[in-house]
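Q: Please go through this model with me. I want the criterion behind each label.

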Amino acid sequence: MTAKIDVPDSAAYSGTPMAAKKKAAKFSEMIAIRVLPEDYERLDVLAERLPFVSRHALARAALKIGLSALEDDPKRLLDEEMVTTPARKRAPMGRGRG
């Protein structure tokens with residue numbers, strides 16, 4: 001089953017390079033993660049199906065959607081095979097650098 005994807009009308013987007021730079025400026029934090037080859041392949045397949053969206057934008061959307069799902073039901077994390085190591089105390093991301 002293929003989900004219907006709603007694409008906003010072109011009035012919501014400006015195709016100019018300056019508009020793209022302004023949008024990109026909002027993303028100031030960086031995260032690097034390792035993923036399973038299967039998940040990377042899923043991202044590539046989805047990127048091929050949605051050529052108007054970058055793979056990076058898809059990954060950001062997946063992270064945001066996934067975080068919302070976990071906030072709604074943290075028990076879902078226990079159903080996944082993603083958690084293989086216990087959490088360790090971390091410094092807040094993006095704060096106190098330099």
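A: Start with Asp39, which has 33% relative accessibility and so counts as partly exposed. Buried means under 20% relative accessible area, exposed over 50%, and partly exposed in between (1.4 Å probe, protein chains only). This is a predicted model: local features need pLDDT of at least 70, side-chain atom pairs count only at pLDDT 80 or more, and totals for chains, interfaces and linings use all residues. Residues are numbered from 1 along each chain as its sequence is written, and side-chain values use heavy atoms, with hydrogens and water left out.

Q: Why is Arg42 called exposed?
A: Arg42 has 60% relative accessibility, so it counts as exposed.

Q: What makes the contact of Arg42 and Asp39 a salt bridge?
A: The term needs a side-chain nitrogen of Lys or Arg within 4 Å of a carboxyl oxygen of Asp or Glu. The side chains of Arg42 and Asp39 meet at 3.7 Å, N to O. They are three residues apart in helix H2, so about one helical turn separates them.

Q: How many salt bridges does the structure hold?
A: It holds two. One of them joins the side chains of Asp44 and Arg55, at 2.7 Å, N to O. Asp44 lies in helix H2 and Arg55 in helix H3, so this pair ties together parts eleven residues apart in sequence. Asp44, at 22% relative accessibility, counts as partly exposed. Arg55, at 32%, also counts as partly exposed.

Q: Why are H2 and H3 called oblique to each other?
A: The axes of helix H2 (residues 37-49) and H3 come within 10 Å and cross at roughly 120°. Axes are lines fitted to C-alpha atoms, for helices over the stretch in contact, and angles run from 0 to 180 degrees between N-to-C directions. Angles under 35 degrees count as roughly parallel, over 145 as roughly antiparallel, 65 to 115 as roughly perpendicular, and the rest as oblique. H2 and H3 are therefore oblique.

Q: Which secondary structure elements does the protein chain have?
A: It has four helices and zero strands. Helices (H or I, at least four residues) and strands (E, at least two) are DSSP runs, numbered from the N terminus.

Q: Which residues make the nonpolar surface patch of about 590 Å²?
A: Ile31, Ile33, Val35, Tyr40, Leu63 and Leu67 make it. Patch residues have over 30% relative accessible area and no salt bridge; like charges are joined within 9 Å, nonpolar side chains (Val, Leu, Ile, Met, Phe, Trp, Tyr) within 5 Å. Leu63 has 43% relative accessibility and counts as partly exposed. Leu63 is found in helix H3 (residues 55-72).

Definitions and conventions: Accessible areas come from the Shrake-Rupley method with a 1.4 Å probe; for residues, only the protein chains shown count as cover.
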